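The following note sets out numbered remarks on the structure shown below. Please read each point with the sequence and the model at hand.

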Amino acid sequence: MPWVPFAQINYEELVALHGEIYPRPFRVDERLLWSKTVASPRYDPTNSWRMKSGGDTLGAITCKQPGTWQGAAAHVLPITGLWAQEPDIAHQLLEKVEEEAIRQGFATLQFGGDADHLWPSLPAGSDLVAEYLTSAGYTCTHESYDVERDLKDYAPPAGTIESLQGCTVRRATAADGEALAEFFGRAFPGRWRQDGLRRWARTPQDLVILIAEEKVEGFALTQQAGTPNPIAGANWHIDLGLDWAALGPIGLSEATRGRGWGHGLLAWALQDLQQQGARRTIIDWTVLLDFYGRHGFERARTYQHFSKSLPVIPPR
Ligand SMILES: CC(C)(COP(=O)(O)OP(=O)(O)OC[C@H]1O[C@@H](n2cnc3c(N)ncnc32)[C@H](O)[C@@H]1OP(=O)(O)O)[C@@H](O)C(=O)NCCC(=O)NCCS
């Protein structure tokens, strides 16, 4: 069966295949799949393939080059997505990527969690793909999940907004670049620095910031219906419905944690989204159910983190 580069994919066909093998809460459209694959600056054309028979797509796999943020694991090759209905096709796609990954010196293959990711890892309930990965030697190392709630009747838990006395919380503006660069460099120098500053450069108001003693000490990234560039939890906006919103990541500098500001910042951002008409709201890729549960969020989607260690070929 002929291999062709993934870049020649018909996205309409891929969306249909996606809908057949992944659960409904993970529905996508053509633009989203395009933006997470060939349109991403980290798209890896050497490890992205489509298998076809005649004009029809039988399956596809796409990878990304490792992230460029500080601390990114250069030895891990992330698979953005795998689409195939037949086990035989899936195995050929996985094998092709694995052979090339070993040749390129990668030590690990990881499902999801790539730069501009589609998902943190495999959506639970994708039984077919879980079976493909398991039989190809991948193992599930841990789980994470999204949480969701409708903001229609959200009210901040008692004391949370009050905990913000002494600090300022507001949406970022174009003038906050220097203060944000200093904050991210100090508090979250890895992926969140890159994702946060990129978002700020496009739409500064998507960042909610917490300022204490004239320094940024915390942030939350929010997205809402209509954003032209959904990332993270916003990827599932089709399932969230009209007037959706997404929050995350959220973080405070280490020195300021444990004072109640985390709950305060979250409450402020949720109330602000609510005032702008946001309804179903997602906070993605977390394990902090108790923290978000205090604000009425419930577990919504689960991810099974699959990866595979590769044999390392000693240099000749
Ligand atoms: C999560 C975070 C924003 C909370 O802010 P904070 O100011 O420390 O939180 P508060 O003082 O308002 O409240 C502390 C609560 O968070 C919980 N919490 C914070 N970090 C936690 C962690 N890693 N695991 C479990 N619980 C945690 C505490 O148990 C406490 O619980 P409570 O709701 O019963 O009071 C902050 O700890 C942080 O930036 N952590 C690192 C980044 C991160 O993990 N972000 C969330 C990713 S989903």
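1. The model is predicted: local features need pLDDT of at least 70, side-chain atom pairs count only at pLDDT 80 or more, and totals for chains, interfaces and linings use all residues. Residues are numbered from 1 along each chain as its sequence is written, and side-chain values use heavy atoms, with hydrogens and water left out.

2. Within helix 3, the buried residues are I89, A90, L93, L94, V97, E98, E100, A101 and I102. Buried means under 20% relative accessible area, exposed over 50%, and partly exposed in between (1.4 Å probe, protein chains only). After helix 3 comes G105, which has a positive phi near 90°.

3. Helix 6 (residues 191-202) has twelve residues, and the distance from its first C-alpha to its last is 17 Å, close to the 16 Å expected at 1.5 Å a residue. Its buried residues are R191, Q194, G196, L197, R199 and W200. The cover over them includes helix 5 (177-187), strand 9 (207-212), strand 10 (215-224) and strand 12 (280-286).

4. Q194 counts as buried because its relative accessibility is 16%. Apart from neighbours within four places in sequence, Q194 is in contact (heavy atoms within 4.5 Å) with T68 and W69. R199 is also part of helix 6, and R199 is buried because its relative accessible area is 5%. Not counting residues up to four places away in sequence, R199 touches P204, D206, L221, Q223, T227, N229 and I231. The side chains of R199 and T227 make a polar contact at 2.8 Å. A polar contact is a pair of N or O atoms within 3.5 Å; within protein, one must be able to donate a hydrogen and the other to accept it, and residues adjacent in sequence count only if both atoms are side-chain atoms.

5. I231 is located in the loop between strand 10 and helix 7 (237-240). Leaving out residues up to four places away in sequence, I231 touches K36, R199, L221 and Q223.

6. H18 belongs to helix 1 (residues 11-21). H18 counts as buried because its relative accessibility is 2%. Beyond neighbours within four places in sequence, H18 is in contact with F26, V28, L33, W83, L118 and W119. With F26 there is also a specific distance to note: a polar atom of the H18 side chain lies 2.9 Å from the backbone oxygen of F26.

7. An N or O atom in the side chain of H263 is 2.6 Å from an oxygen atom of the ligand. For G262, a backbone N or O atom lies 2.9 Å from a ligand oxygen.

8. The peptide bond joining G248 and P249 is cis, with omega about 0°, and P249 is found in strand 11. D116 is not a glycine, yet D116 has a positive phi of about 50°. E214, another residue other than glycine, has a positive phi near 65°. E214 is placed in the loop between strand 9 and strand 10, and E214 counts as exposed because its relative accessibility is 79%.

How values were computed:
Helices (H or I, at least four residues) and strands (E, at least two) are DSSP runs, numbered from the N terminus. The expected span of a helix is 1.5 Å times one less than its number of residues.
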